[in-house]
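Dear colleague,

My notes on it follow.

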Amino acid sequence: MSKDKTMTAEEVVGRLRSGMTLGIGGWGSRRKPMALVRALLRSDLTDLTVVSYGGPDVGLLAAAGKIRKLVTAFATLDSVPLEPHFVAARQRGAFELVELDEAMMMWGLTAAVHRLPFMPIRAGIASDVMTVNPSLRTITSPYADREELVAVPALRLDAALVHLNRADAHGNGQYLGPDPYFDDLFCEAADTAYVSCERIVETSDLLKDAGPQTLLLKRAFVDGVVETPNGAHFTSCAPDHDRDEAFQRHYVAAARDPEAWREFTARFLSGDEDAYQAAVAAFHEEEA
Amino acid sequence: MSGTDTPTTAPAVTRAEYCVLACAEAWRDAGEVLASPMGTVPMIGARLARLTFAPDLLLTDGEALLMGDVPAVGAPPGVVEGWLPYRQHLALVATGRRHVMMGASQLDRHGNQNISCIGDWRRPTRQLLGVRGAPVNTLNNPTSYWVPRHSPRVFVERVDMVCGVGHDRAAAAGPSATRYHRLPGVITDLGVFDFETPDRVMRLRSLHPGVTVEQVREATGFPLAVPEEVPYTRDPTAEELRLIREEIDPRGLRDREVRA
């Protein structure tokens, strides 16, 4: 059997370098690898290019000044439409933005997976996506239609970070919720990929209660596996846990005020993952 | 406020309910396609359409499931008839078998829409959502817009960032942009609008009862095309009202999006 790829979140971060292009899985405030993002926040890594269907992963990294360039179609918390740190960072010009359409992102990742330089798509033309990304090129169909389409460049990644419900020690990753998002594309588009999960299980247990189509990640595309229970917190990780709406509201309120954000950081983000989870538990006891 | 047709049903039809009905009408002849409503009133409207005159519509639960029944807003479906994760949803857009109703932070007379940011894109004064799927939506499937507060800040001479493509921009870009480009209409708290003029600019199609042409002109930041005769948005039937009030939105969420 293949090798044991289990490691800690700190070991994942130890394999990353400043200046890298990182893809982050999930979507908005859904199944984000937040424990890995929190480990990134504790590191000295900086100058990152982040590719993400943005949520609080983008917000937290932007607030910490880790992002040099962001590639995204949006940043949102779903139940709260605007990501407050993303908004603030954009308004102070904190990073370079590559603003692409949602489908362009998908085809850019797909091109990277297929080792193609680009994918043609009917999106972007006539919109200001072309204006704000002057390096985007169009391509004319070589067939009789002669249609002009956008050539979305491959979004190749140095590393991918994703969070799933289950994985085995070898990197076979399983999602049990309603949507795979694009986590397999992120991993296959990356030179190295790290999956955190709610629980590491024996390979023989993966299909005990689920069908084979839940096996989203193949171990050939995964370099490290981290067990981080509640590791997507405060984003959703159905069916293991829903989004923590109360905590997300607390995050939003704190992010809108510098003093409150300092308090939030001191309370929740100054220790390790265990300290974070303990602080979240204490938060809920106070709220109850 | 003159010339309002007084609805015969009691209690009186609210503005929010006229908006729901107008949104529903957008999907009347859509066929067996996915209705993607963004916003509470469009969501209620899409469900009303499916329960009445557009039974073939496909509807999602807002995540990855296609609903086999039509639950109240906020309730989970009792029956699931299909699976539509984001990757399939984005691919479905390219098939054209979808009619989306998006929001708009800014919209110009040609139907160019902005949800990305206000001000200079390089360093916006107000960052909003980002372009999301507006560029792919507008070039591939019918795209309507819902604006719950019709104002000159939304209906502007020029949008700051073209996310959803309007008629002038599509025409200038050529056949690959116009091939499947279709903007059936705009629905606001004041009325219903379309682009059915020779130069494809926004035109008043109907006024919600209680609204005047002058009121709409004042709330629009560009010269609006207004035909000589402007009808009122039709009244809902008694059954449509019952569905809205008792089945689809018993909690009255529509009134939070559109003031009475």
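Helix α3 of chain A (residues 56-63) is largely enclosed by the rest of the structure, because 8 of its 8 residues are buried (20 or more other C-beta atoms, placed from the backbone, within 10 Å of the residue's own). Helices here are DSSP runs of H or I with at least four residues, strands are runs of E with at least two, and both are numbered from the N terminus. The buried residues of α3(A) include A:D57, A:L60 and A:L61, and their cover includes β1, α2 and α8 of chain A. Just after α3(A), A:G65 adopts a positive phi of about 70°.

This is a predicted model, in which local features need pLDDT of at least 70 and side-chain atom pairs count only at pLDDT 80 or more, while totals for chains, interfaces and linings use all residues. Residues are numbered from 1 along each chain as its sequence is written, and chains are lettered from A and ligands numbered from 1 in the order in which they are written.

As to the two chains, 37 residues of chain B are in contact with 35 residues of chain A (contact: C-beta atoms, placed from the backbone, within 7 Å). On the side of chain B that touches chain A, α3(B) provides the largest share, 5 residues. That side divides into 24 nonpolar, 8 polar and 5 charged residues; Ala, Val, Leu, Ile, Met, Phe, Trp, Tyr, Cys and Pro count as nonpolar, Asp, Glu, Lys and Arg as charged, and the others, Gly among them, as polar.

Yours sincerely

How values were computed
A residue is buried if 20 or more other C-beta atoms lie within 10 Å of its own, exposed if 12 or fewer, and partly exposed in between; C-beta atoms are placed from the backbone.
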